[in-house]
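Hi everyone, thanks for making time this morning.

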Amino acid sequence: MTDAMLESLTVCGTPSQAREQVARIYDAGITHPIIQFNPIGNVNESFDLLISTLSDAN
């Protein structure tokens, strides 16, 4: 898998980078992306970070 393919299919990085990536997905017309949650470390803390990052992404 090339870096370009990976970047086009995933959202990762800092919360700011993730919000930018999700915004690009919405700008491309995808209004209901499928999100797979992969926690790192403490599941509750990871989930809270996911929610706080994406709650106002669009």
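**The pocket and the helices around it**

Let me begin with the lining of the largest pocket: by class, it has 16 nonpolar, nine polar and two charged residues. For the classes, Ala, Val, Leu, Ile, Met, Phe, Trp, Tyr, Cys and Pro count as nonpolar, Asp, Glu, Lys and Arg as charged, and the others, Gly among them, as polar.

A word on where this comes from. The model is predicted, so local features need pLDDT of at least 70 and side-chain atom pairs count only at pLDDT 80 or more, while totals for chains, interfaces and linings use all residues. Residues are numbered from 1 along each chain as its sequence is written, and side-chain values use heavy atoms, with hydrogens and water left out.

Back to the pocket. Its volume is about 830 Å³, and 27 residues line it. Nearest its centre lie Val-11, Cys-12, Ala-18, Gln-36 and Leu-50. Lining residues have an atom within 4 Å of a point. Grid points are joined across faces, edges and corners, and the volume is the space filled by probe spheres set on the points.

Which helices supply the lining of the largest pocket? Helix H1 (3–9), helix H2 (15–27) and H3 each give at least two residues, and the largest share, six residues, comes from H2. Helices here are DSSP runs of H or I with at least four residues, strands are runs of E with at least two, and both are numbered from the N terminus.

Now the whole protein. It has three helices and zero strands, running α-α-α from the N terminus on. The C-alpha trace spans about 30 × 25 × 20 Å along its principal axes. Of the 58 residues, 10% count as buried. Buried means under 20% relative accessible area, exposed over 50%, and partly exposed in between, with a 1.4 Å probe and protein chains only.

Let's go to H3, residues 43–54. This helix has twelve residues and reaches 16 Å from its first C-alpha to its last, close to the 16 Å expected at 1.5 Å a residue; the expected span is 1.5 Å times one less than the number of residues. At its start, a side-chain oxygen of Asn-42 comes to within 2.9 Å of the backbone nitrogen of Asn-44. That is a polar contact: a pair of N or O atoms within 3.5 Å where, within protein, one must be able to donate a hydrogen and the other to accept it, and residues adjacent in sequence count only if both atoms are side-chain atoms.

Thr-53 is also in H3. Is Thr-53 buried or exposed? Thr-53 counts as buried because its relative accessibility is 6%. A polar atom of its side chain lies 2.7 Å from the backbone oxygen of Leu-49. Leaving out residues up to four places away in sequence, Thr-53 touches Pro-15, Ala-18 and Arg-19, where contact means heavy atoms within 4.5 Å.

Next, the loop between H1 and H2, where we find Thr-10. Its relative accessible area is 30%, so Thr-10 is partly exposed. The Thr-10 side chain reaches the backbone oxygen of Leu-6 at 2.7 Å.

Gln-21 counts as buried because its relative accessibility is 16%.

Glu-7, in H1, is exposed because its relative accessible area is 63%. Glu-7 and Leu-54 are 47 residues apart in sequence and 18 Å apart in space, C-alpha to C-alpha. Ser-55, in the segment after H3, is exposed with a relative accessible area of 57%. Its C-alpha and that of Asn-42 are separated by 20 Å.

Technical notes:
On a 1 Å grid over the protein atoms alone, a cavity is a set of points where a 1.4 Å probe fits but cannot get out, and a pocket is an open set with protein on both sides within 12 Å along at least five of seven lines; lining residues have an atom within 4 Å of a point.
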